[in-house]
Amino acid sequence: MDSQYRTEKILHTRAFVSFDTLIAILPVMIILLFAIKTSVMYGNFSDEKVAGTSEYDRLVSSADYLVNYGLVKKESGKYYPNWIISVDDAEVKKIGDASGLDLQVFLDSTDGANGINSDYGTCIYRLIIYGEKKNIEKIYFCTNGADDANGNGASG
Amino acid sequence: MKTLEALISLLVFLLIIASLAPMAQPERDGIYRMQLANDIWRVFSLRGDLEGFDKTRMNVDAEEITKLTSLCVELDEEDVTSCIPEEKITQVRKTAIVYGEPKTITLRVGVGDTKNIK
């Protein structure tokens with residue numbers, strides 16, 4: 001009698017453990033599924049981000065070079081970063097070609113900023129001193145995408 | 001009971017993921033912001049504001065920069081500010097000669113109320 005009671009109790013306990021495990025495994029499966037989906041999503045997101053930012057990063061680098069060296073005032077071999085006397089279109093084109101961008105430069109006072117954003121995909125600005133009068137100016141660097149002739153572009 | 005524990009674990013896991021997700025995304029334009037802050041410092045320098053540390057001229061130029069960019073410019077502890085940056089976007093530390101003594105200054109750039117700048 002005692003033995004039969006013990007056997008029944010063991011069977012009931014095992015059944016209960018199995019059932020409980022069965023239900024508990026569902027949240028575990030959901031967690032695993034969520035983790036996998038999240039990692040896949042972030043993987044895709046990173047790829048898109050790299051492709052999207054490469055153009056932006058090249059624009060930022062090109063603008064930085066032009067504001068620090070390419071377009072700045074040079075006197076007796078000395079460079080004056082952020083001091084631009086005039087915009088040298090040939091230098092802009094050279095850097096644009098080198099970075100694989102259709103790079104355009106606009107000065108806030110002379111060219112105006114109106115319409116730039118609608119015509120160009122990505123624009124950034126930098127602060128400079130313009131001309132011998134040393135006026136504070138905003139200079140825009142814009143690109144409407146990669147220069148296809150170079151074949152190394154990415155769309156933003 | 002175990003089901004309840006598993007559900008609580010799931011909730012905690014989701015909360016942790018949700019709180020960590022924004023941290024996983026690096027600032028896209030952190031370098032550009034830093035470059036803008038350095039531009040502002042160079043503008044002060046090229047305009048001759050740092051010679052003798054002319055705070056009046058620096059304030060005028062800071063306001064001019066705010067007019068152009070809608071960004072607030074503030075030099076920490078130096079009474080130079082165009083508007084108070086409510087949301088800081090970047091800051092750089094620079095050394096300048098302030099009344100004959102070299103001093104490290106924090107230049108803060110941020111977004112704030114620019115209504116008073118006309």
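User: How do you know that strand 3 and strand 4 of chain B are paired?
Analyst: The model is predicted, and in it strand 3 and strand 4 (residues 101-112) of chain B share 12 bridges in the antiparallel sense. Pairing requires at least two bridges, so 12 bridges count as a pair. One position to look at is B:Ala96, which has B:Lys103 of strand 4 opposite.

User: What makes strand 2 and strand 3 of chain B edge strands?
Analyst: The open sheet of four strands in chain B runs in the order 2-1-4-3, with antiparallel pairing. Strand 2 (80-81) and strand 3 (85-98) each have a single partner strand, so one side of each lacks a neighbour in the sheet.

User: Which strands of chain B does helix 2 lie across?
Analyst: Helix 2 (residues 30-46) of chain B lies across strand 1 (72-75), strand 3 and strand 4, at about 45° to strand 3. Confidence in chain B is highest in helix 2, at 93, and lowest in helix 1 (residues 2-24), at a mean of 76.

User: How many residues of chain A are in contact with chain B, and what does "contact" rest on?
Analyst: Contact rests on C-beta atoms within 7 Å; 22 residues of chain A are in contact with 24 residues of chain B. Helix 1 of chain A gives the largest share of chain A's side, 12 residues. By class, that side has 14 nonpolar, three polar and five charged residues.

User: What confidence does the predictor give the complex?
Analyst: The complex has an ipTM of 0.76 and a pTM of 0.69.

How values were computed: Residues are numbered from 1 along each chain as its sequence is written. Chains are lettered from A and ligands numbered from 1 in the order in which they are written. This is a predicted model: local features need pLDDT of at least 70, side-chain atom pairs count only at pLDDT 80 or more; totals for chains, interfaces and linings use all residues. Helices (H or I, at least four residues) and strands (E, at least two) are DSSP runs, numbered from the N terminus. Two residues are in contact if their C-beta atoms, placed from the backbone, lie within 7 Å. Axes are lines fitted to C-alpha atoms, for helices over the stretch in contact, and angles run from 0 to 180 degrees between N-to-C directions. Ala, Val, Leu, Ile, Met, Phe, Trp, Tyr, Cys and Pro count as nonpolar, Asp, Glu, Lys and Arg as charged, and the others, Gly among them, as polar. pLDDT is the predictor's confidence in each residue, from 0 to 100.
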